[in-house]
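Here are my notes for anyone opening this one for the first time. Have the viewer ready and follow the points in order.

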2 protein chains.
Amino acid sequence: MRPFLAAARNTAPPDEDHVVVEGTWAHEMLLAARTPVETFLWCPELVRTPEARRCADVLRARAETAYEIGPKVLTRLCGRARSDGLLALARLPRRTAAELDFGDRALVLVADGIEYAGNLGTLIRTADACSADCVVLVRRQVRPNHPRVFVASRGTVLTVPVVEFPDPVAAAAWLARRGFTVVVAEPGATRDYRTGDLSSPRTAVVVGSEGRGVSSGWYAARVRPVSIPMFGTADSLNVSVSAALLLYEARRTRAQPGQDPSCRSPRTGGAAARR
Amino acid sequence: MRPFLAAARNTAPPDEDHVVVEGTWAHEMLLAARTPVETFLWCPELVRTPEARRCADVLRARAETAYEIGPKVLTRLCGRARSDGLLALARLPRRTAAELDFGDRALVLVADGIEYAGNLGTLIRTADACSADCVVLVRRQVRPNHPRVFVASRGTVLTVPVVEFPDPVAAAAWLARRGFTVVVAEPGATRDYRTGDLSSPRTAVVVGSEGRGVSSGWYAARVRPVSIPMFGTADSLNVSVSAALLLYEARRTRAQPGQDPSCRSPRTGGAAARR
(Lines give C-alpha, C1' and ligand atoms only; values in the text may rest on other atoms or scores of the structure.)
Protein backbone atom coordinates (compact mmCIF):
# COMPACT_ATOMS: atom_id res chain seq x y z
CA MET A 1 0.00 0.00 0.00
CA ARG A 2 2.89 2.33 0.68
CA PRO A 3 3.68 3.30 -2.95
CA PHE A 4 -0.05 3.98 -3.47
CA LEU A 5 -0.27 6.37 -0.56
CA ALA A 6 3.03 8.03 -1.42
CA ALA A 7 1.93 8.66 -5.01
CA ALA A 8 -1.60 9.71 -4.07
CA ARG A 9 -0.31 12.13 -1.41
CA ASN A 10 2.62 13.30 -3.54
CA THR A 11 5.15 12.26 -0.90
CA ALA A 12 7.18 9.84 -3.02
CA PRO A 13 10.89 10.59 -3.63
CA PRO A 14 11.40 13.14 -6.43
CA ASP A 15 12.73 10.61 -8.94
CA GLU A 16 9.75 8.30 -8.47
CA ASP A 17 7.37 8.32 -11.42
CA HIS A 18 4.50 6.35 -9.98
CA VAL A 19 1.08 7.79 -10.65
CA VAL A 20 -2.16 6.84 -8.91
CA VAL A 21 -5.17 6.64 -11.17
CA GLU A 22 -8.74 6.64 -9.97
CA GLY A 23 -12.11 6.39 -11.71
CA THR A 24 -13.44 4.84 -14.89
CA TRP A 25 -12.42 7.62 -17.31
CA ALA A 26 -8.86 7.50 -15.98
CA HIS A 27 -8.66 3.72 -16.32
CA GLU A 28 -9.96 3.98 -19.86
CA MET A 29 -7.08 6.39 -20.55
CA LEU A 30 -4.62 3.86 -19.04
CA LEU A 31 -5.96 1.15 -21.32
CA ALA A 32 -5.99 3.37 -24.42
CA ALA A 33 -2.41 4.50 -23.75
CA ARG A 34 -1.32 0.90 -23.02
CA THR A 35 0.40 2.17 -19.88
CA PRO A 36 1.94 -0.68 -17.85
CA VAL A 37 0.02 -1.05 -14.57
CA GLU A 38 1.95 -2.30 -11.57
CA THR A 39 -0.90 -2.73 -9.12
CA PHE A 40 -4.61 -2.75 -9.77
CA LEU A 41 -7.14 -2.65 -6.94
CA TRP A 42 -10.84 -3.01 -7.37
CA CYS A 43 -13.77 -3.09 -5.04
CA PRO A 44 -16.55 -5.25 -6.59
CA GLU A 45 -19.34 -3.60 -4.52
CA LEU A 46 -18.52 -0.21 -6.09
CA VAL A 47 -17.93 -1.31 -9.70
CA ARG A 48 -21.39 -0.62 -11.06
CA THR A 49 -21.31 0.51 -14.70
CA PRO A 50 -20.52 -1.70 -17.73
CA GLU A 51 -17.56 0.59 -18.54
CA ALA A 52 -16.10 0.17 -15.05
CA ARG A 53 -16.65 -3.61 -15.22
CA ARG A 54 -14.85 -3.77 -18.56
CA CYS A 55 -11.88 -1.83 -17.13
CA ALA A 56 -11.80 -4.14 -14.10
CA ASP A 57 -11.84 -7.26 -16.27
CA VAL A 58 -9.06 -6.08 -18.57
CA LEU A 59 -6.85 -4.71 -15.78
CA ARG A 60 -7.15 -7.77 -13.55
CA ALA A 61 -5.58 -9.71 -16.40
CA ARG A 62 -3.11 -7.07 -17.50
CA ALA A 63 -1.73 -5.60 -14.23
CA GLU A 64 1.43 -7.06 -12.69
CA THR A 65 -0.52 -7.63 -9.49
CA ALA A 66 -4.22 -7.22 -8.80
CA TYR A 67 -6.17 -7.33 -5.54
CA GLU A 68 -9.80 -7.27 -4.60
CA ILE A 69 -10.35 -4.79 -1.75
CA GLY A 70 -13.22 -3.63 0.43
CA PRO A 71 -14.84 -0.18 0.37
CA LYS A 72 -13.06 0.93 3.56
CA VAL A 73 -9.60 0.26 2.16
CA LEU A 74 -10.55 1.95 -1.10
CA THR A 75 -11.81 5.03 0.75
CA ARG A 76 -8.59 5.19 2.75
CA LEU A 77 -6.50 5.00 -0.42
CA CYS A 78 -8.62 7.43 -2.47
CA GLY A 79 -9.07 9.87 0.38
CA ARG A 80 -12.79 10.07 -0.33
CA ALA A 81 -15.94 8.00 -0.09
CA ARG A 82 -17.36 8.44 -3.60
CA SER A 83 -15.58 6.17 -6.03
CA ASP A 84 -16.39 3.82 -8.84
CA GLY A 85 -14.26 1.10 -7.31
CA LEU A 86 -11.15 1.20 -9.50
CA LEU A 87 -7.67 2.25 -8.46
CA ALA A 88 -4.38 1.66 -10.22
CA LEU A 89 -0.71 2.38 -9.63
CA ALA A 90 1.08 2.93 -12.91
CA ARG A 91 4.35 4.41 -14.05
CA LEU A 92 4.48 7.46 -16.26
CA PRO A 93 6.55 6.79 -19.37
CA ARG A 94 10.01 8.33 -19.05
CA ARG A 95 11.26 10.28 -22.03
CA THR A 96 14.54 12.00 -22.62
CA ALA A 97 15.06 14.99 -24.88
CA ALA A 98 17.71 13.04 -26.84
CA GLU A 99 15.25 10.38 -27.98
CA LEU A 100 12.69 12.77 -29.50
CA ASP A 101 12.46 13.13 -33.29
CA PHE A 102 10.70 16.06 -34.90
CA GLY A 103 9.07 16.49 -38.28
CA ASP A 104 9.27 19.54 -40.55
CA ARG A 105 6.34 21.29 -38.86
CA ALA A 106 6.98 20.52 -35.21
CA LEU A 107 5.27 22.33 -32.34
CA VAL A 108 6.58 22.29 -28.77
CA LEU A 109 5.21 23.84 -25.57
CA VAL A 110 7.77 24.96 -22.98
CA ALA A 111 6.46 25.41 -19.43
CA ASP A 112 8.95 27.47 -17.45
CA GLY A 113 8.65 27.33 -13.65
CA ILE A 114 4.93 26.48 -13.52
CA GLU A 115 3.89 26.32 -9.85
CA TYR A 116 0.39 24.86 -9.79
CA ALA A 117 -0.38 21.25 -10.62
CA GLY A 118 -3.75 22.19 -12.13
CA ASN A 119 -2.09 24.60 -14.54
CA LEU A 120 0.58 22.09 -15.55
CA GLY A 121 -2.10 19.47 -16.20
CA THR A 122 -4.16 21.89 -18.28
CA LEU A 123 -1.06 22.85 -20.29
CA ILE A 124 -0.43 19.18 -21.10
CA ARG A 125 -4.12 18.67 -22.01
CA THR A 126 -4.00 21.65 -24.39
CA ALA A 127 -0.71 20.46 -25.90
CA ASP A 128 -2.44 17.13 -26.57
CA ALA A 129 -5.43 18.85 -28.18
CA CYS A 130 -3.10 20.86 -30.46
CA SER A 131 -1.06 17.78 -31.31
CA ALA A 132 2.10 19.38 -29.96
CA ASP A 133 5.12 17.11 -30.23
CA CYS A 134 6.11 17.43 -26.60
CA VAL A 135 5.96 19.53 -23.44
CA VAL A 136 9.30 20.74 -22.12
CA LEU A 137 9.50 21.48 -18.40
CA VAL A 138 12.11 24.03 -17.37
CA ARG A 139 12.83 24.87 -13.71
CA ARG A 140 10.26 22.27 -12.69
CA GLN A 141 8.23 23.14 -9.58
CA VAL A 142 5.55 20.45 -9.86
CA ARG A 143 6.06 16.83 -10.79
CA PRO A 144 4.25 15.41 -13.81
CA ASN A 145 3.08 12.48 -11.66
CA HIS A 146 1.28 14.73 -9.17
CA PRO A 147 -2.31 13.41 -8.86
CA ARG A 148 -3.75 16.81 -9.78
CA VAL A 149 -1.61 16.95 -12.93
CA PHE A 150 -3.12 13.64 -14.00
CA VAL A 151 -6.69 14.84 -13.43
CA ALA A 152 -6.22 18.30 -14.98
CA SER A 153 -4.49 16.74 -17.99
CA ARG A 154 -7.44 14.34 -18.36
CA GLY A 155 -4.84 11.56 -18.43
CA THR A 156 -2.98 12.98 -21.44
CA VAL A 157 0.17 13.05 -19.29
CA LEU A 158 0.28 9.32 -20.18
CA THR A 159 0.68 10.03 -23.89
CA VAL A 160 2.11 13.53 -24.43
CA PRO A 161 5.92 13.28 -24.25
CA VAL A 162 7.21 15.37 -21.33
CA VAL A 163 10.93 16.14 -21.06
CA GLU A 164 12.87 18.30 -18.63
CA PHE A 165 15.70 20.80 -18.56
CA PRO A 166 17.08 22.39 -15.42
CA ASP A 167 17.31 25.90 -16.89
CA PRO A 168 16.35 28.03 -19.92
CA VAL A 169 19.89 28.08 -21.32
CA ALA A 170 20.02 24.29 -21.71
CA ALA A 171 16.50 24.16 -23.14
CA ALA A 172 17.16 27.02 -25.59
CA ALA A 173 20.38 25.35 -26.81
CA TRP A 174 18.54 22.07 -27.40
CA LEU A 175 15.76 23.86 -29.31
CA ALA A 176 18.27 25.90 -31.36
CA ARG A 177 20.20 22.77 -32.39
CA ARG A 178 16.93 21.34 -33.69
CA GLY A 179 16.06 24.45 -35.68
CA PHE A 180 13.19 25.71 -33.51
CA THR A 181 12.02 29.31 -33.53
CA VAL A 182 11.39 30.15 -29.88
CA VAL A 183 8.37 32.38 -29.20
CA VAL A 184 8.08 33.69 -25.64
CA ALA A 185 4.77 34.85 -24.13
CA GLU A 186 5.67 38.14 -22.51
CA PRO A 187 3.08 40.68 -21.35
CA GLY A 188 5.32 43.62 -22.19
CA ALA A 189 6.10 42.57 -25.76
CA THR A 190 4.98 44.93 -28.51
CA ARG A 191 4.43 42.24 -31.16
CA ASP A 192 0.94 40.75 -31.32
CA TYR A 193 0.92 36.92 -31.27
CA ARG A 194 -1.04 36.86 -34.52
CA THR A 195 1.53 38.68 -36.64
CA GLY A 196 3.19 35.56 -37.98
CA ASP A 197 5.84 34.68 -35.40
CA LEU A 198 4.11 31.38 -34.69
CA SER A 199 4.19 30.16 -38.30
CA SER A 200 7.85 29.08 -38.46
CA PRO A 201 8.31 25.46 -39.52
CA ARG A 202 9.45 24.35 -36.07
CA THR A 203 7.97 26.50 -33.34
CA ALA A 204 8.44 26.36 -29.56
CA VAL A 205 6.03 28.38 -27.42
CA VAL A 206 7.35 29.38 -23.98
CA VAL A 207 5.02 30.31 -21.12
CA GLY A 208 6.22 31.30 -17.68
CA SER A 209 5.31 30.83 -14.06
CA GLU A 210 2.12 32.13 -12.48
CA GLY A 211 3.92 34.58 -10.22
CA ARG A 212 6.89 35.79 -12.19
CA GLY A 213 6.40 34.91 -15.87
CA VAL A 214 9.25 33.53 -18.00
CA SER A 215 12.71 33.63 -16.50
CA SER A 216 15.23 36.15 -17.83
CA GLY A 217 17.50 33.28 -18.94
CA TRP A 218 15.44 32.96 -22.12
CA TYR A 219 16.63 36.32 -23.35
CA ALA A 220 20.22 35.13 -23.59
CA ALA A 221 19.03 33.10 -26.60
CA ARG A 222 17.48 34.46 -29.79
CA VAL A 223 13.78 34.42 -28.93
CA ARG A 224 10.74 36.28 -30.25
CA PRO A 225 8.68 37.91 -27.50
CA VAL A 226 4.98 38.19 -28.34
CA SER A 227 1.99 39.36 -26.37
CA ILE A 228 -1.75 38.77 -26.36
CA PRO A 229 -3.83 41.95 -26.53
CA MET A 230 -5.81 42.68 -23.38
CA PHE A 231 -8.54 45.29 -23.06
CA GLY A 232 -9.41 45.04 -19.37
CA THR A 233 -8.01 45.88 -15.96
CA ALA A 234 -6.03 42.71 -15.14
CA ASP A 235 -2.32 42.72 -15.85
CA SER A 236 -2.08 39.25 -17.37
CA LEU A 237 -3.96 36.16 -18.50
CA ASN A 238 -4.02 32.77 -16.82
CA VAL A 239 -1.01 30.77 -18.06
CA SER A 240 -3.19 27.98 -19.51
CA VAL A 241 -5.24 30.54 -21.39
CA SER A 242 -2.11 32.23 -22.81
CA ALA A 243 -0.64 28.89 -23.89
CA ALA A 244 -3.89 27.80 -25.56
CA LEU A 245 -4.18 31.01 -27.58
CA LEU A 246 -0.57 30.73 -28.77
CA LEU A 247 -0.71 26.98 -29.50
CA TYR A 248 -3.98 27.23 -31.40
CA GLU A 249 -2.60 30.15 -33.41
CA ALA A 250 0.51 28.07 -34.21
CA ARG A 251 -1.67 25.08 -35.15
CA ARG A 252 -3.86 27.30 -37.35
CA THR A 253 -0.86 28.46 -39.38
CA ARG A 254 0.39 24.92 -40.02
CA ALA A 255 -1.31 21.59 -40.74
CA GLN A 256 -5.07 21.78 -40.93
CA PRO A 257 -7.04 18.65 -40.07
CA GLY A 258 -6.53 16.02 -42.72
CA GLN A 259 -3.93 18.00 -44.70
CA ASP A 260 -0.87 16.67 -42.92
CA PRO A 261 -0.43 12.93 -42.48
CA SER A 262 1.77 13.51 -39.42
CA CYS A 263 -1.19 15.15 -37.74
CA ARG A 264 -3.47 12.85 -35.79
CA SER A 265 -7.08 12.77 -36.99
CA PRO A 266 -9.05 15.67 -35.53
CA ARG A 267 -11.60 15.44 -32.80
CA THR A 268 -13.60 18.38 -31.57
CA GLY A 269 -13.86 20.00 -28.17
CA GLY A 270 -15.64 22.84 -26.54
CA ALA A 271 -17.11 22.28 -23.16
CA ALA A 272 -14.81 20.96 -20.51
CA ALA A 273 -14.88 17.74 -18.60
CA ARG A 274 -13.74 17.43 -14.96
CA ARG A 275 -11.56 20.54 -14.86
CA MET B 1 -14.41 39.25 12.92
CA ARG B 2 -17.32 36.98 12.09
CA PRO B 3 -18.12 38.35 8.61
CA PHE B 4 -14.41 38.09 7.76
CA LEU B 5 -14.16 34.45 8.68
CA ALA B 6 -17.48 33.61 7.02
CA ALA B 7 -16.39 35.24 3.75
CA ALA B 8 -12.86 33.83 3.87
CA ARG B 9 -14.16 30.31 4.56
CA ASN B 10 -17.10 30.64 2.17
CA THR B 11 -19.61 29.90 4.94
CA ALA B 12 -21.64 33.11 4.69
CA PRO B 13 -25.34 32.87 3.77
CA PRO B 14 -25.89 32.46 0.00
CA ASP B 15 -27.20 35.99 -0.52
CA GLU B 16 -24.21 37.55 1.20
CA ASP B 17 -21.83 39.29 -1.19
CA HIS B 18 -18.94 40.04 1.11
CA VAL B 19 -15.55 39.28 -0.28
CA VAL B 20 -12.29 39.02 1.65
CA VAL B 21 -9.30 40.52 -0.07
CA GLU B 22 -5.71 39.81 0.88
CA GLY B 23 -2.35 41.03 -0.39
CA THR B 24 -1.05 44.17 -2.05
CA TRP B 25 -2.08 43.37 -5.64
CA ALA B 26 -5.62 42.68 -4.47
CA HIS B 27 -5.83 45.91 -2.49
CA GLU B 28 -4.55 47.81 -5.51
CA MET B 29 -7.44 46.28 -7.48
CA LEU B 30 -9.87 47.41 -4.76
CA LEU B 31 -8.54 50.95 -5.00
CA ALA B 32 -8.53 50.99 -8.80
CA ALA B 33 -12.10 49.68 -8.91
CA ARG B 34 -13.19 52.14 -6.19
CA THR B 35 -14.90 49.27 -4.39
CA PRO B 36 -16.43 50.37 -1.06
CA VAL B 37 -14.49 48.71 1.79
CA GLU B 38 -16.41 47.93 4.97
CA THR B 39 -13.54 46.85 7.16
CA PHE B 40 -9.84 47.25 6.64
CA LEU B 41 -7.29 45.50 8.84
CA TRP B 42 -3.59 46.05 8.72
CA CYS B 43 -0.65 44.74 10.60
CA PRO B 44 2.12 47.38 10.61
CA GLU B 45 4.90 44.82 11.28
CA LEU B 46 4.09 43.04 8.02
CA VAL B 47 3.48 46.06 5.78
CA ARG B 48 6.95 46.31 4.24
CA THR B 49 6.85 47.56 0.65
CA PRO B 50 6.05 51.13 -0.49
CA GLU B 51 3.07 49.76 -2.48
CA ALA B 52 1.64 48.03 0.60
CA ARG B 53 2.16 51.16 2.69
CA ARG B 54 0.37 53.29 0.12
CA CYS B 55 -2.60 50.87 0.12
CA ALA B 56 -2.65 50.93 3.93
CA ASP B 57 -2.62 54.74 4.04
CA VAL B 58 -5.43 55.14 1.51
CA LEU B 59 -7.62 52.39 2.93
CA ARG B 60 -7.30 53.52 6.56
CA ALA B 61 -8.87 56.78 5.43
CA ARG B 62 -11.36 55.31 2.99
CA ALA B 63 -12.74 52.19 4.75
CA GLU B 64 -15.88 52.45 6.88
CA THR B 65 -13.91 50.99 9.77
CA ALA B 66 -10.20 50.25 10.07
CA TYR B 67 -8.24 48.43 12.76
CA GLU B 68 -4.61 47.82 13.44
CA ILE B 69 -4.07 44.14 14.27
CA GLY B 70 -1.19 41.91 15.34
CA PRO B 71 0.44 39.18 13.25
CA LYS B 72 -1.36 36.39 15.15
CA VAL B 73 -4.82 37.75 14.43
CA LEU B 74 -3.87 38.30 10.81
CA THR B 75 -2.62 34.74 10.45
CA ARG B 76 -5.84 33.44 11.99
CA LEU B 77 -7.93 35.46 9.55
CA CYS B 78 -5.82 34.70 6.47
CA GLY B 79 -5.35 31.05 7.32
CA ARG B 80 -1.64 31.34 6.61
CA ALA B 81 1.48 32.88 8.03
CA ARG B 82 2.90 34.60 4.92
CA SER B 83 1.14 37.85 4.31
CA ASP B 84 1.93 41.41 3.42
CA GLY B 85 -0.18 42.70 6.27
CA LEU B 86 -3.30 43.92 4.45
CA LEU B 87 -6.78 42.45 4.70
CA ALA B 88 -10.09 43.97 3.65
CA LEU B 89 -13.74 43.04 3.74
CA ALA B 90 -15.55 44.54 0.78
CA ARG B 91 -18.83 44.01 -1.02
CA LEU B 92 -18.97 42.87 -4.62
CA PRO B 93 -21.06 45.26 -6.70
CA ARG B 94 -24.52 43.81 -7.35
CA ARG B 95 -25.78 44.00 -10.91
CA THR B 96 -29.08 42.96 -12.38
CA ALA B 97 -29.62 41.88 -15.97
CA ALA B 98 -32.27 44.60 -16.38
CA GLU B 99 -29.81 47.44 -15.73
CA LEU B 100 -27.26 46.42 -18.39
CA ASP B 101 -27.06 48.36 -21.66
CA PHE B 102 -25.31 46.95 -24.70
CA GLY B 103 -23.70 48.61 -27.71
CA ASP B 104 -23.90 47.47 -31.32
CA ARG B 105 -20.98 45.07 -31.02
CA ALA B 106 -21.58 43.53 -27.62
CA LEU B 107 -19.87 40.38 -26.39
CA VAL B 108 -21.15 38.30 -23.47
CA LEU B 109 -19.78 35.16 -21.81
CA VAL B 110 -22.33 32.73 -20.37
CA ALA B 111 -21.00 30.27 -17.76
CA ASP B 112 -23.49 27.43 -17.38
CA GLY B 113 -23.16 25.30 -14.23
CA ILE B 114 -19.44 25.90 -13.64
CA GLU B 115 -18.39 23.87 -10.59
CA TYR B 116 -14.88 25.02 -9.71
CA ALA B 117 -14.12 28.42 -8.25
CA GLY B 118 -10.76 28.54 -10.03
CA ASN B 119 -12.42 28.04 -13.39
CA LEU B 120 -15.10 30.67 -12.70
CA GLY B 121 -12.42 33.16 -11.69
CA THR B 122 -10.37 32.44 -14.81
CA LEU B 123 -13.47 32.86 -16.98
CA ILE B 124 -14.09 36.30 -15.47
CA ARG B 125 -10.43 37.25 -15.92
CA THR B 126 -10.56 36.25 -19.60
CA ALA B 127 -13.86 38.10 -20.10
CA ASP B 128 -12.12 41.19 -18.68
CA ALA B 129 -9.14 40.74 -21.02
CA CYS B 130 -11.48 40.46 -24.04
CA SER B 131 -13.51 43.45 -22.90
CA ALA B 132 -16.68 41.34 -22.73
CA ASP B 133 -19.69 43.36 -21.61
CA CYS B 134 -20.67 40.95 -18.84
CA VAL B 135 -20.50 37.39 -17.54
CA VAL B 136 -23.84 35.62 -17.18
CA LEU B 137 -24.02 32.83 -14.61
CA VAL B 138 -26.63 30.17 -15.28
CA ARG B 139 -27.33 27.34 -12.81
CA ARG B 140 -24.75 28.84 -10.46
CA GLN B 141 -22.72 26.27 -8.49
CA VAL B 142 -20.04 28.62 -7.13
CA ARG B 143 -20.55 32.09 -5.73
CA PRO B 144 -18.75 35.01 -7.35
CA ASN B 145 -17.57 36.11 -3.88
CA HIS B 146 -15.76 32.82 -3.21
CA PRO B 147 -12.18 33.70 -2.19
CA ARG B 148 -10.74 31.50 -4.95
CA VAL B 149 -12.89 33.25 -7.57
CA PHE B 150 -11.38 36.56 -6.47
CA VAL B 151 -7.81 35.25 -6.74
CA ALA B 152 -8.30 33.38 -10.03
CA SER B 153 -10.04 36.42 -11.53
CA ARG B 154 -7.07 38.59 -10.43
CA GLY B 155 -9.66 40.85 -8.85
CA THR B 156 -11.56 41.49 -12.09
CA VAL B 157 -14.70 40.16 -10.37
CA LEU B 158 -14.79 43.69 -8.88
CA THR B 159 -15.21 45.32 -12.30
CA VAL B 160 -16.65 42.82 -14.80
CA PRO B 161 -20.46 42.92 -14.51
CA VAL B 162 -21.74 39.50 -13.38
CA VAL B 163 -25.46 38.71 -13.59
CA GLU B 164 -27.40 35.53 -12.90
CA PHE B 165 -30.23 33.47 -14.32
CA PRO B 166 -31.60 30.33 -12.71
CA ASP B 167 -31.83 28.35 -15.96
CA PRO B 168 -30.90 28.43 -19.67
CA VAL B 169 -34.46 29.21 -20.81
CA ALA B 170 -34.57 32.48 -18.88
CA ALA B 171 -31.06 33.44 -19.98
CA ALA B 172 -31.74 32.58 -23.64
CA ALA B 173 -34.96 34.63 -23.63
CA TRP B 174 -33.12 37.65 -22.17
CA LEU B 175 -30.36 37.35 -24.78
CA ALA B 176 -32.87 36.90 -27.62
CA ARG B 177 -34.81 40.03 -26.59
CA ARG B 178 -31.55 41.96 -26.83
CA GLY B 179 -30.69 40.61 -30.27
CA PHE B 180 -27.81 38.33 -29.29
CA THR B 181 -26.64 35.43 -31.44
CA VAL B 182 -25.98 32.60 -28.98
CA VAL B 183 -22.96 30.42 -29.78
CA VAL B 184 -22.67 27.26 -27.67
CA ALA B 185 -19.35 25.43 -27.15
CA GLU B 186 -20.24 21.81 -27.78
CA PRO B 187 -17.64 19.07 -28.36
CA GLY B 188 -19.92 17.19 -30.76
CA ALA B 189 -20.70 20.16 -33.02
CA THR B 190 -19.60 19.88 -36.64
CA ARG B 191 -19.05 23.63 -37.16
CA ASP B 192 -15.55 24.91 -36.44
CA TYR B 193 -15.53 27.97 -34.16
CA ARG B 194 -13.57 29.95 -36.75
CA THR B 195 -16.18 29.74 -39.53
CA GLY B 196 -17.83 33.06 -38.74
CA ASP B 197 -20.47 32.22 -36.14
CA LEU B 198 -18.72 34.47 -33.63
CA SER B 199 -18.82 37.59 -35.81
CA SER B 200 -22.49 38.54 -35.29
CA PRO B 201 -22.95 42.10 -34.01
CA ARG B 202 -24.08 40.94 -30.56
CA THR B 203 -22.59 37.60 -29.64
CA ALA B 204 -23.04 35.48 -26.51
CA VAL B 205 -20.61 32.60 -25.98
CA VAL B 206 -21.93 29.75 -23.79
CA VAL B 207 -19.59 27.31 -22.04
CA GLY B 208 -20.77 24.48 -19.84
CA SER B 209 -19.85 22.71 -16.64
CA GLU B 210 -16.63 20.75 -16.16
CA GLY B 211 -18.44 17.42 -15.78
CA ARG B 212 -21.42 17.62 -18.08
CA GLY B 213 -20.95 20.49 -20.53
CA VAL B 214 -23.79 22.87 -21.41
CA SER B 215 -27.26 21.90 -20.24
CA SER B 216 -29.78 20.64 -22.77
CA GLY B 217 -32.06 23.60 -21.97
CA TRP B 218 -30.00 25.74 -24.36
CA TYR B 219 -31.21 23.75 -27.34
CA ALA B 220 -34.81 24.87 -26.80
CA ALA B 221 -33.61 28.27 -28.03
CA ARG B 222 -32.06 29.07 -31.42
CA VAL B 223 -28.38 28.60 -30.73
CA ARG B 224 -25.34 27.88 -32.90
CA PRO B 225 -23.27 24.95 -31.65
CA VAL B 226 -19.58 25.22 -32.51
CA SER B 227 -16.57 23.10 -31.64
CA ILE B 228 -12.84 23.59 -31.30
CA PRO B 229 -10.76 21.13 -33.33
CA MET B 230 -8.77 18.68 -31.21
CA PHE B 231 -6.04 16.39 -32.51
CA GLY B 232 -5.16 14.40 -29.41
CA THR B 233 -6.54 11.72 -27.14
CA ALA B 234 -8.51 13.79 -24.60
CA ASP B 235 -12.22 14.20 -25.17
CA SER B 236 -12.46 17.89 -24.32
CA LEU B 237 -10.60 21.05 -23.41
CA ASN B 238 -10.53 22.80 -20.06
CA VAL B 239 -13.52 25.14 -19.86
CA SER B 240 -11.36 28.26 -19.40
CA VAL B 241 -9.31 27.31 -22.45
CA SER B 242 -12.46 26.77 -24.56
CA ALA B 243 -13.92 30.09 -23.46
CA ALA B 244 -10.69 31.97 -24.18
CA LEU B 245 -10.40 30.57 -27.71
CA LEU B 246 -14.03 31.50 -28.48
CA LEU B 247 -13.89 34.95 -26.86
CA TYR B 248 -10.61 35.89 -28.55
CA GLU B 249 -12.01 34.72 -31.89
CA ALA B 250 -15.11 36.85 -31.30
CA ARG B 251 -12.92 39.81 -30.30
CA ARG B 252 -10.76 39.33 -33.41
CA THR B 253 -13.78 39.60 -35.71
CA ARG B 254 -15.03 42.82 -34.12
CA ALA B 255 -13.34 45.94 -32.77
CA GLN B 256 -9.59 45.92 -33.07
CA PRO B 257 -7.61 47.94 -30.54
CA GLY B 258 -8.19 51.62 -31.13
CA GLN B 259 -10.80 51.19 -33.86
CA ASP B 260 -13.83 51.17 -31.62
CA PRO B 261 -14.25 53.96 -29.09
CA SER B 262 -16.40 51.69 -26.90
CA CYS B 263 -13.42 49.37 -26.52
CA ARG B 264 -11.10 50.09 -23.63
CA SER B 265 -7.53 50.85 -24.59
CA PRO B 266 -5.56 47.67 -25.12
CA ARG B 267 -3.01 46.22 -22.78
CA THR B 268 -1.01 43.13 -23.53
CA GLY B 269 -0.72 39.83 -21.73
CA GLY B 270 1.05 36.56 -22.10
CA ALA B 271 2.56 35.07 -19.03
CA ALA B 272 0.27 34.63 -16.12
CA ALA B 273 0.37 36.06 -12.67
CA ARG B 274 -0.75 34.15 -9.57
CA ARG B 275 -2.93 31.56 -11.31
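## Notes on the model

1. A look at chain A as a whole. Keep in mind that this is a predicted model. Of the contacts in chain A between residues at least 6 apart in sequence, 81% link residues at least 24 apart. The secondary structure of this chain amounts to 8 helices and 12 strands.

2. Cover and surface. Chain A has 275 residues, and 58% of them count as buried. Its accessible surface is about 11,400 Å², with 49% of that belonging to carbon and sulfur atoms.

3. Now over to chain B, and helix 2. How many of its residues are buried? The count is 7 of 10, so helix 2 of chain B is mostly covered. The buried ones are B:Thr24, B:Trp25, B:Ala26, B:His27, B:Met29, B:Leu30 and B:Leu31. Their cover includes strand 1 (18-22), strand 2 (37-42), helix 3, strand 4 (86-91) and helix 6 (147-152) of chain B. Just past the end of helix 2 of chain B, have a look at B:Arg34, which takes a positive phi of about 55°.

4. Helix 2 against helix 3. Two packed helices are described by the angle between their axes and the distance between the axes. In chain B, helix 2 (residues 24-33) and helix 3 (residues 50-62) pack at about 45°, with axes 10 Å apart. That angle is why helix 2 of chain B and helix 3 of chain B are oblique to each other. The crossing of helix 2 of chain B past helix 3 of chain B is left-handed. On the helix 2 side of chain B, the contact is made by B:Thr24, B:His27, B:Glu28 and B:Leu31. Helix 3 of chain B brings B:Glu51, B:Ala52, B:Arg54, B:Cys55, B:Val58, B:Leu59 and B:Arg62. Sorted by class, this contact between helix 2 and helix 3 of chain B has 5 nonpolar, 2 polar and 4 charged residues.

5. Helix 5 against helix 8. Still in chain B, the axes of helix 5 (residues 117-129) and helix 8 (residues 239-252) come within 9 Å and cross at roughly 15°. Helix 5 of chain B and helix 8 of chain B are therefore roughly parallel to each other. Helix 5 of chain B passes helix 8 of chain B with a right-handed crossing. From helix 5 of chain B, the contact uses B:Asn119, B:Thr122, B:Leu123, B:Thr126, B:Ala127 and B:Ala129. Facing them from helix 8 of chain B are B:Val239, B:Ser240, B:Ala243, B:Ala244, B:Leu247 and B:Tyr248. Here the classes come to 8 nonpolar, 4 polar and no charged residues.

6. Back to chain A for some backbone checks. Most residues other than glycine have a negative phi, and most peptide bonds are trans. A:Ser131 is not a glycine, yet its phi is positive, about 55°. Find A:Ser131 in the loop between helix 5 (117-129) and strand 6 (134-138) of chain A. A:Arg139, also not a glycine, has a positive phi of about 45°. A:Arg139 sits in the loop between strand 6 and helix 6 (147-152) of chain A.

7. Buried or partly exposed? A:Ser131 is buried, at 10% relative accessible area. A:Arg139, at 28%, is partly exposed.

8. One proline to finish. A:Pro229 is in strand 11 (residues 228-230) of chain A. With 7% relative accessibility, A:Pro229 counts as buried. From A:Pro229 to A:Pro187 there are 42 residues in sequence and 8.7 Å in space, C-alpha to C-alpha.

Methods
Residues numbered from 1 in each chain as written. Chains lettered and ligands numbered in written order. Predicted model: local features only at pLDDT ≥ 70, side-chain atom pairs only at ≥ 80, totals over all residues. Heavy atoms only, no water. Helix = DSSP H or I, 4+ residues; strand = E, 2+ residues; numbered from the N terminus. Buried < 20%, exposed > 50% of the residue type's maximum accessible area, 1.4 Å probe, protein only. Contact = heavy atoms within 4.5 Å. Areas by Shrake-Rupley, 256 points an atom, 1.4 Å probe, with all protein chains shown as cover. Axes fitted to C-alpha atoms, helices over the stretch in contact; angles between N-to-C directions. Parallel < 35°, antiparallel > 145°, perpendicular 65-115°, else oblique. Left-handed = near helix turned anticlockwise from the far one by under 90°. Nonpolar A, V, L, I, M, F, W, Y, C, P; charged D, E, K, R; others polar.
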